[in-house]
Structures are given as C-alpha cells and as structure tokens.
Amino acid sequence: VATINAGKLEFYNYTTYPSVSIEKITEIDNLPGNINKIIGFHQDKDSNNTYIIGYSSTTNKNYVIEFCTNCFTGSPTTSSTTSSSSSSGSSDQTITSLNLDIANLQTPKYCTSGESLTAKFHLSDIQRPSVAWNDKNKKMYIIGGLTSNPNTGYTSSTNIIREYDSNNNTLVNKAESLPHETAWGSATFFSDNNKIYIVGGRQYTTNSSDTKNQDSKTTITEYDPTNKTLTTKNNLAQGRSQHSSVYVPNASGTGKIYIFGGVNISNNTATYLNSIIEYDPISNSLTNKGTLSKFDPQTVYCPTNGKVYVIGGESTTNTNSSKEIIEYNPQTGSTTIKTSKLPDITGGGTGLSTYWNPILQRIIIGTVRKASSENPRFFAYNPVTDQLTELCQSLYYHDPSYAFWNSDKNVGVILTGSNYYI
C-alpha cells in the first residue's frame, strides 16, 4: 500500500492472513513538486519496476516515480533527496521525476518509451460494429453493431451508421442506414472509388419463445458517404462474421478487397471458415484466393512489399494461433508463418488492433490484456526484418479493437473494444 502522509510517500505491507497486520516498509520524503495526491500506478512485471503517478496542486503537474518493486527489504529508511537514491535495507531506489503536463487527470499518458494515449470520445451504447477509415476525409465510419435493450435485457443488432471526424473530434449519426441490421462484420474503404464495402456480419433476432437467434449474413453492401447511398452488391457463398477484410491497391487503380476467415452461424450453429476471398468492387466478382486455418484475425496491408499481414486470430486446432503473425501474398495466394510471435494474450482479433505507420515504417499492433490485472500493450512490427518491438504498456485498460492512421495529424486513431472509447 502506498499513501501520501505529511509530505512523504509511505509504503506499507498489508497482510490479511492468518491475521490482519500493517507494517511500514519505507518512506520517501522531499517529493518532486511537493506531490500531495496519488492518482494511479503501473507495475511492469517484466522489469520488476513500479511506477506511481502523483499529482502536485502546487505545480498543477503530474509526476511519475519509478522504483524497484522487489527492493523493499530491511527496516524503513528516509530519503533526503528527490532525484537521487532512496535506500531500503541493502537495495538502492532510483527516483525519477518525468514532470508530465496533463490537462485532464483521467487521460493516461504513461508509456515506457514516450508514446501516449488520449481519450477523445466515448461510445458506451454499441459493441462489435463494422468499422472503416476514409483516408480521404479522415473520418471513421462505425456501422451497425450490438445494442442492449434496457427493457428486455436482450442484445440486438442495429443498422445505424455513425461518422467520427478525427480532426474535429465530432460524432454524428448519419441519416442513411444499412438495409439490414448487423454486427461482427467488416467494413473496408476502397480508395479507387471512395466507397465503403460492408461484408457479412451477424444478425440477432428473438423468436416467439424469447430465444435469441444468431445468423451470419452473406451480403456485401456498398456505402457511398458522399452521395449518402447504400447499394446491395454481391453475395458470399456462405454467411460470414468475425472475419477481417483489407484493401490492397495496385498501380493501375484496380485494387481488391481481401476477406480472411470468419464464422458462419446458422440457427445458432457455428461453422468455422478458413477461406481467403478476393472481392473486386469494380467487377463485383468474388474469387477464392487461398486458405487460412484461423478465424477472427486482424489484417493490415504493408505498402513496402505489397503483402498483407494477418495478426492474431483463433483456431479450433492450433492453440498458439493468437500469437502468430502470418504473411499473405495476394499475387500467389501463399501464406508464411513468421518467426516473431505476439506475447501471451487472450481472445482473437476482436481485442487486437493493427495499422500501418508510414513514419516508422512499421505495423503498430495493440494487444488485449493477458489478465484483468494487466493493461494492453503496443508493439511495432517490422515486416522487412521480422522484428517485434514493444513500444509501451498503457495505463488505459480498454482493449484496442480497430485502429487507423490519420496522415493529417500523424497519429493513430484507435477504437477500443470495451466501453468503446476513441
């Protein structure tokens, strides 16, 4: 237990078994900025370091104090300086003030290598939508999803289309809507004609006996945000939900959309799909282009080599599939499992986010929490060298689910998968 008392940061051992006892371990005085409030902490289990985030009403700034978690041994001692060592027993304590300016104290700013996350908007009433990023107008389109009816308690799918303006931080409900309700689908911006293609999804209905039915959709719907029109296009051979789709351009301006994995649910019975489908929006044609032994992945296109990278996902036969990074070649339809692996995580692509950062020339991967006590971590993956580097672990506990690059601001825009923050 850490607490501020009489200008000192005090640490206690609090034991509940076999009896309740409280033992003071150490204290730190002369706190940087005269910190008088603790607002959060983060424990890095890999390095055994703990970071306490304190606030000073004197300077109106936040400070991060870093110390070795396992160094508290021996009798309590007092430190007389703020930036040098504070000893506890035989171990040295390095106290580092990062002197962070934070306007909104509920906005987490801590990451191990200077990366930051800022909460911009909250969508608390919708889950599992199809999400597309329009790189021309820098807007995110949040299509369909699940809503809960407070009167009946049933979860139902919706056909609402929402538009989030990343540059102005505004969210509006569009007047137009999908011709059918859906969730767990995919939406992809096709820059060759500036339209969005919504593929599949899952519709939730309640029958006469109050049993909730789920059925995957086969439809491909074209959405024109400029003219505010929706057009039903082709149909998949099977219903498909919990899949991923990605736009792959080419020099002639006749790019394609590739659809990976998914689940076909019919009358609440699930069939897992391993096919890779190529969709040509110009000719409105569908072509089988390979197989992938997992469903629910995340996909991202790498412009430096023209490959698609399939991140995470789940498999009915491979328990390690959620850690895998797979390279897909659209020209040959071949897949290659890369050497780099994601850390231990739970879930498939639902709680992962991926986007291409053209400045770093890396794929940025946001992972789900391995346990409820851990927060999401962000990694940079280099497709050329097959190297995965951890960027930071966020104090923000919401799992990232969708992510895109805003080239106007040179920032990633992330939609989380729990309580849906942007």
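1. E163 and K139 are both buried, in what is a predicted model. Their side chains form a salt bridge, with 3.5 Å from N to O. This pair joins distant parts of the chain: E163 belongs to strand β10 (residues 155–165) and K139 to strand β9 (residues 139–148), 24 residues apart.

2. For E163 the relative accessible area is 10%.

3. Another pair worth a look is K338 with E327, a salt bridge whose closest N and O atoms are 3.8 Å apart. K338 is in strand β27 (residues 334–341) and E327 in strand β26 (residues 324–329), so parts 11 residues apart in sequence are tied together. K338 is buried at 16% relative accessible area, and E327 is buried at 13%. The structure holds 8 salt bridges.

4. On to the sheet: 4 strands make up an open, antiparallel sheet in the order β18-β19-β22-β23. Its edge strands, β18 (244–248) and β23 (285–291), each pair on one side only. From one strand to the next, the twist averages 25°. Strands β19 (residues 256–260) and β22 (residues 275–280) pair over 4 bridges, and I257 has Y279 in β22 as its bridge partner.

5. Finally, T221 lies in strand β16 (residues 219–224) and counts as buried at 1% relative accessibility. Its contacts include L178, I196, Y197 and L230.

Technical notes: Residues are numbered from 1 along each chain as its sequence is written. This is a predicted model: local features need pLDDT of at least 70, side-chain atom pairs count only at pLDDT 80 or more; totals for chains, interfaces and linings use all residues. Side-chain values use heavy atoms; hydrogens and water are left out. Helices (H or I, at least four residues) and strands (E, at least two) are DSSP runs, numbered from the N terminus. Buried means under 20% relative accessible area, exposed over 50%, partly exposed in between (1.4 Å probe, protein chains only). Contact means heavy atoms within 4.5 Å. Two strands pair if DSSP finds at least two bridges between them. Axes are lines fitted to C-alpha atoms, for helices over the stretch in contact, and angles run from 0 to 180 degrees between N-to-C directions. A salt bridge is a side-chain nitrogen of Lys or Arg within 4 Å of a carboxyl oxygen of Asp or Glu. Lists of a residue's contacts leave out its neighbours within four places in sequence.
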